[in-house]
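Thanks for coming, everyone. Let me put the model up, and then we'll walk through it piece by piece.

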Amino acid sequence: MQIHETAFIVSTYRSYHEDISKDIYAELWNNPKTDTLIPSILETISKDEAILHSIRNRFFYEQMRSFFTKNNGGTLINFGSGFSMYQFLVEDNVSTIEIDKQDIIDYKKEKIDSWVLEGKLPYREIQYSAIDFNQRTEKEIIETLRPLIKNKPIFILLEGVLFFLDQNTTNKLFKVFKELQNPGDLVGSVSYLPEVKHTDVYNRLLKYFDSNNDTNDSFAHQTIPTSYYENIEGYLLKEHIDEFQLSKIYIPDSAFKDKNQILNENMYLLEKT
Ligand SMILES: C[S@@+](CC[C@H](N)C(=O)[O-])C[C@H]1O[C@@H](n2cnc3c(N)ncnc32)[C@H](O)[C@@H]1O
């Protein structure tokens, strides 16, 4: 499996539970190849993956909507944006900068431009930037992005990406965020806690990636303790919640009973000081 395929999978998950994810445009990315991959993932790793990713999307959807409503617009910078569609779910006074690897960015821009022309998507102010976070320096990333930021304040999103990066690249990204943002701006981030390594479900996930990695598209399997977020220079940890807890809010009738049975990701909201 190539990393970009994970972006299609996550987007398809959101389309299965539009009422929870609130991503009414996710289905535009659905395709037969991803449709054939998903049943075996749900069977061999965990049947709850689609709903968990929808809960994750819902959390950031609510956070960014309240941030942009309070500030009457601004800029969303989505690092490792994959096929996420928040830019169309927020008001049109929000500009978006989408950042991902070249192949994703080229494909996403082409498809979105044509869907806007066809009237399948509303018009939004969107800029695209192809950056490989492992390969570009802190300075290069800042110099690429700074001229693209036209509106403030800034909400930065790093969703579903840290699992694929190592600690050095993660540190580099938070230094970039600190340079781009002003006090009061927010970062939303997602990662696994190190203790997830002791769960069967996480080991099934790693095994799945290892046995389906046909491309040497290697990645880090990063986990991050909450103390990392508590000690990021220039940021205050405002909120920390996991999908297990969020299930009680967004799917109260079928909330999860045991956090060790699910791939329980942790959501963090940091405020620039
Ligand atoms: C699982 S997808 C998540 C996409 C999206 N954020 C979401 O939640 O739907 C992971 C994304 O991270 C991107 N990514 C992984 N490593 C990256 C890197 N080194 N540089 C830039 N993007 C990267 C992938 O291309 C992919 O789009």
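Which helix is T226 found in? T226 sits in helix α10, residues 226-230. Before going on, two notes on how to read this. Residue numbers start from 1 along each chain, following the sequence as written. The model is predicted, so local features need pLDDT of at least 70 and side-chain atom pairs count only at pLDDT 80 or more, while totals for chains, interfaces and linings use all residues. As for names, helices (H or I, at least four residues) and strands (E, at least two) are DSSP runs, numbered from the N terminus.

Back to T226. T226 touches L193 and H240, leaving out residues up to four places away in sequence. Touching, or contact, means C-beta atoms, placed from the backbone, within 7 Å. Y192 is 34 residues from T226 in sequence, and their C-alpha atoms are 9.4 Å apart.

Next, the ligand. How many residues surround the ligand? The answer is 20, and the closest are T6, A7, G80, G82 and G160. To be in that shell, a residue needs its C-beta atom, placed from the backbone, within 6 Å of the molecule. Helix α1, residues 3-16, gives the largest share of the shell, with 6 residues. Sorted by class, the shell holds 7 nonpolar, 9 polar and 4 charged residues. Here Ala, Val, Leu, Ile, Met, Phe, Trp, Tyr, Cys and Pro are nonpolar, Asp, Glu, Lys and Arg are charged, and the others, Gly among them, are polar.

Now the core. In soluble globular proteins, nonpolar side chains tend to be buried together. In this model, the largest nonpolar core has 58 residues. M64, L76, F79, F155, I156 and L158 have the most contacts inside that core. Helix α4, residues 49-71, supplies the largest share of this core, 9 residues. A nonpolar core is a set of buried Ala, Val, Leu, Ile, Met, Phe, Trp, Tyr and Cys residues joined through C-beta atoms within 7 Å.

Follow L158 out of that list. Beyond four places in sequence, L158 touches F79, G80, L173, V187, G188 and S189.

That brings us to strand β4, residues 154-158. How many residues of β4 are buried? The count is 5 of 5. Both faces are covered, with I154, I156 and L158 on one side and F155 and L157 on the other.

What does β4 pair with? One partner is strand β1, residues 74-79, in the parallel sense over 4 bridges. T75 has I154 of β4 as its bridge partner. Strand β5, residues 186-191, also runs parallel to β4, joined by 4 bridges. There, L157 stands opposite G188. Pairing requires at least two DSSP bridges between two strands. Together, β4, helix α8 (residues 167-180) and β5 form a right-handed β-α-β unit. Right-handed means that, with the strands pointing away from the viewer, the path from the first strand over the helix to the second runs clockwise.

Strands β2, residues 94-100, and β3, residues 126-130, pair over 5 bridges. E98 has Y128 in β3 as its bridge partner. From β2 the chain passes through helix α6, residues 102-117, to β3, and this crossover is right-handed.

Last, some backbone details. The K152 to P153 peptide bond is cis, with omega near 5 degrees. P153 is in the loop between α7 and β4.

Two residues other than glycine have positive phi. K22 has phi near 70 degrees, and N72 has phi near 55 degrees. K22 lies in the loop between α2 and α3, and N72 is in the loop between α4 and β1. K22 is partly exposed because it has 19 C-beta neighbours inside 10 Å. N72 has 11 such neighbours inside 10 Å, so N72 counts as exposed.

That's my tour. Questions, please.

Technical notes. Two residues are in contact if their C-beta atoms, placed from the backbone, lie within 7 Å. A residue is buried if 20 or more other C-beta atoms lie within 10 Å of its own, exposed if 12 or fewer, and partly exposed in between; C-beta atoms are placed from the backbone.
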